Amino acid sequence: MSLKRKAAGAVEEAAKKSKPSGTITSFFKRNAAPSTTTNGTAKVAAAEGPAPKFDKTAWVAKLTDEQKELLALEIATLHESWLAHLKDEVTSKEFLELKKFLKNEVQSGKQVFPPSSDVYSWSRHTPLNTVKAVILGQDPYHNVNQAHGLCFSVRPPTPAPPSLKNIYKALAIDYPDFVPPPNRGGLLTPWADRGVLLLNTCLTVRAHDANSHAGRGWERFTQKVIDTVVKVRTRGVVFLAWGNPAQKRCAGISGSKHLVLKSVHPSPLSASRGFFECGHFKKTNEWLRERYGEDGEINWNLDVPPEEAGV
């Protein structure tokens with residue numbers, strides 16, 4: 001959703017302060033993705049050629065005043081590695097209409113989740129050049145202290161929701177030594193920091209009203225995110241598509257460059273129909289090891305204290 005109106009006036013100054021080749025996470029340092037994971041495992045970024053030249057300051061300067069206001073959140077919090085590829089999409093008529101809708105939601109007194117600073121946290125935890133796997137979700141959690149911009153993930157002290165508990169069960173079958181987050185938690189930022197893009201189809205939701213922002217334009221934007229991964233990460237990415245909606249998102253992805261793993265959704269309504277035994281986590285690492293070597297594998301353990309997990 002859009003930031004408050006006064007934020008728009010600070011947009012150009014924010015753009016000037018961020019170096020063209022740097023990140024824009026100084027606003028939200030607690031969400032910055034480190035160069036190594038919390039357990040010291042270095043990220044593996046494929047050598048896919050130089051990133052496109054993107055002068056953020058010059059791009060912002062060309063925006064109209066209305067665009068600067070509507071796109072204040074994207075300018076301040078969408079990681080530059082992604083913005084360089086999504087800049088045309090965010091200035092499209094469809095996306096600006098979405099931002100107007102979100103602005104009206106807030107101005108009419110609606111509470112929207114996740115908090116505005118977390119809408120694009122997936123982009124900051126997992127810059128484009130670090131993506132090795134993609135897990136696709138649908139709608140953000142719609143209750144207090146749940147959604148924070150990463151699909152399936154919840155902030156502590158919120159306990160892991162039922163679908164996430166089932167994900168843990170499947171992981172324990174693949175890796176019997178799997179360790180979940182402390183205190184029955186559901187924080188998945190360690191995965192995101194290790195190259196797992198945790199992306200919802202819709203990035204916002206009205207409080208206590210599931211799917212309330214579906215069909216407003218997020219689907220087009222997040223499909224562009226997926227398409228960007230497919231296009232840019234040419235050495236290969238694993239897509240974990242759980243449930244029909246996620247599988248439709250992955251339709252057309254080339255099996256020669258990428259791997260799409262399909263299963264039923266981990267929801268208690270469907271998990272018993274094959275999710276627990278799908279083996280996706282081990283299959284992901286086997287495929288990544290072939291492409292990237294042993295350093296390309298993902299450490300799925302989540303035994304990271306919240307204060308060390310970028311909360």
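Tutor: We go from the overall fold to the pockets and cavities. Keep in mind that the model is predicted.

Student: How many helices and strands does the protein have?

Tutor: There are twelve helices and six strands. Of the 311 residues, 56% count as buried, that is, under 20% relative accessible area.

Student: How is empty space found?

Tutor: A probe the size of a water molecule is rolled over the atoms, and this shows where empty space is left. In this structure, the second largest pocket has a volume of about 420 Å³. It is lined by 18 residues, and the closest to its centre are Asp-139, Pro-140, Tyr-141, Ser-163 and His-265.

Student: Which classes of residue line the second largest pocket?

Tutor: Ten polar, seven nonpolar and one charged.

Student: And how many cavities of 30 Å³ or more does the structure hold?

Tutor: Two. A cavity differs from a pocket in that the probe fits but cannot get out. The second largest cavity contains about 30 Å³ of space.

Student: Which residues line the second largest cavity?

Tutor: Its lining is made up of Pro-114, Val-119, Pro-140, Gly-149, Leu-150, Asn-200, Cys-202 and Leu-203. By class, six are nonpolar, two are polar and none is charged. Pro-140 lines this cavity and is also among the residues closest to the centre of the second largest pocket.

Conventions
Residues numbered from 1 in each chain as written. Predicted model: local features only at pLDDT ≥ 70, side-chain atom pairs only at ≥ 80, totals over all residues. Heavy atoms only, no water. 1 Å grid on protein atoms, 1.4 Å probe; cavity = no way out; pocket = protein on both sides within 12 Å on 5 of 7 lines; lining within 4 Å. Points joined across faces, edges and corners; volume = space filled by probe spheres on them. Nonpolar A, V, L, I, M, F, W, Y, C, P; charged D, E, K, R; others polar. Helix = DSSP H or I, 4+ residues; strand = E, 2+ residues; numbered from the N terminus. Buried < 20%, exposed > 50% of the residue type's maximum accessible area, 1.4 Å probe, protein only.
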